[in-house]
Amino acid sequence: MVVYWGRDLSTIAGMNYIGEGDSVGSLPPDLADIEEHIPKLQIYRRDEDKLKFGDVDLKSITYAFYKGKFLEVTLVSAGVDTWGPFKEEVFGRIGKGDRVDIPAIPCCGQKETELYYWRGDVSEAELTYQLSFSNAGMSNFWVASTSFREQLFNDARQDAKKVRRGAGKGKGIGSL
């Protein structure tokens, strides 16, 4: 079943709510200082999904909604041996993305990180691989609606402005 960006949650059969979460994709640099204002997404799974991506076994497929509209999907595979086939399946379907050089974060247990990014007028995507010091590998392929993510970010910017304006109201220190 194909699910188009912005489709209303109530029109998609078999969705099971699993909780709230954050967008998996990277944030634009201008949002770093207002990250706490980014609204939570509603995360769902579908029982009938086959946990396969080409020949790769998946750990999970999750769907994220914002204001009841379909925003993003994330495919996760686990294991060092799945990274190569997983990456090749993505590249075969949408082409090789731009590789982003980011350092591994030893304090978080990361020994190696590999990231690819795509951005188009309709969709954007990230493919990430993280290898831990215990040699456990985890791969994520995330695809989202470009316009709905921009709406999410605009809502965060507006919320941050409201909070800043509200912070100036009150009695102030001079009234103590």
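**Strands, cores and salt bridges**

User: Arg-119, buried or exposed?

Analyst: Arg-119 counts as exposed, at 52% relative accessibility. Exposed means over 50% relative accessible area, buried under 20%, and partly exposed in between (1.4 Å probe, protein chains only).

User: What sort of model is this, and what are the ground rules?

Analyst: This is a predicted model, where local features need pLDDT of at least 70 and side-chain atom pairs count only at pLDDT 80 or more, while totals for chains, interfaces and linings use all residues. Residues are numbered from 1 along each chain as its sequence is written, and side-chain values use heavy atoms, with hydrogens and water left out.

User: Back to Arg-119. Which side chain meets it in a salt bridge?

Analyst: Glu-124, at 2.9 Å, N to O. A salt bridge here is a side-chain nitrogen of Lys or Arg within 4 Å of a carboxyl oxygen of Asp or Glu. Glu-124 is buried, with a relative accessible area of 4%.

User: How many salt bridges by that rule?

Analyst: The count comes to 12. Arg-46, Glu-48 and Asp-49 are linked in a network of them.

User: Where does Lys-67 sit?

Analyst: Lys-67 is in the loop between strand 5 and strand 6. Strands (E, at least two residues) and helices (H or I, at least four) are DSSP runs, numbered from the N terminus. Lys-67 is exposed, at 54% relative accessibility. Its side chain meets that of Asp-155 in a salt bridge of 3.0 Å, N to O. Asp-155 belongs to helix 2 (residues 146–167), so the pair ties together parts that are 88 residues apart in sequence.

User: And how accessible is Asp-155?

Analyst: Asp-155 is partly exposed, with a relative accessible area of 24%.

User: What about the phi of Lys-67?

Analyst: Positive, about 55°, although Lys-67 is not a glycine. The hairpin of strand 5 and strand 6 has 2 residues between the strands.

User: How many bridges join those two strands?

Analyst: 7 bridges join strand 5 (residues 60–66) to strand 6, and the two run antiparallel. Two strands pair if DSSP finds at least two bridges between them. Tyr-63 stands opposite Val-73 in strand 6.

User: What lies on from strand 6?

Analyst: Strand 6 is also joined to strand 10 (residues 137–145) by 7 bridges, again antiparallel. Leu-75 stands opposite Phe-141 in strand 10. Strand 6 (residues 69–78) is mostly covered, with 8 of its 10 residues buried.

User: Which residues touch the most other members in the largest nonpolar core?

Analyst: Phe-65, Leu-75, Phe-86, Trp-118, Leu-127 and Phe-141, out of 26 residues in that core. Such a core is a set of buried Ala, Val, Leu, Ile, Met, Phe, Trp, Tyr and Cys residues joined through side-chain atoms within 4.5 Å. Elements giving two or more residues to this core include strand 5, strand 6, helix 1 (83–94) and strand 10. Apart from it lies another core of 13 residues, among them Leu-31 and Leu-152.

User: New topic. Where is Ser-26, and which residues is it in contact with, leaving aside neighbours within four places in sequence?

Analyst: Ser-26 lies in the loop between strand 1 (15–21) and strand 2 (41–46). Leaving aside those neighbours, Ser-26 is in contact with Glu-126 and Arg-149. Contact means heavy atoms within 4.5 Å. Ser-26 is partly exposed, with a relative accessible area of 41%.
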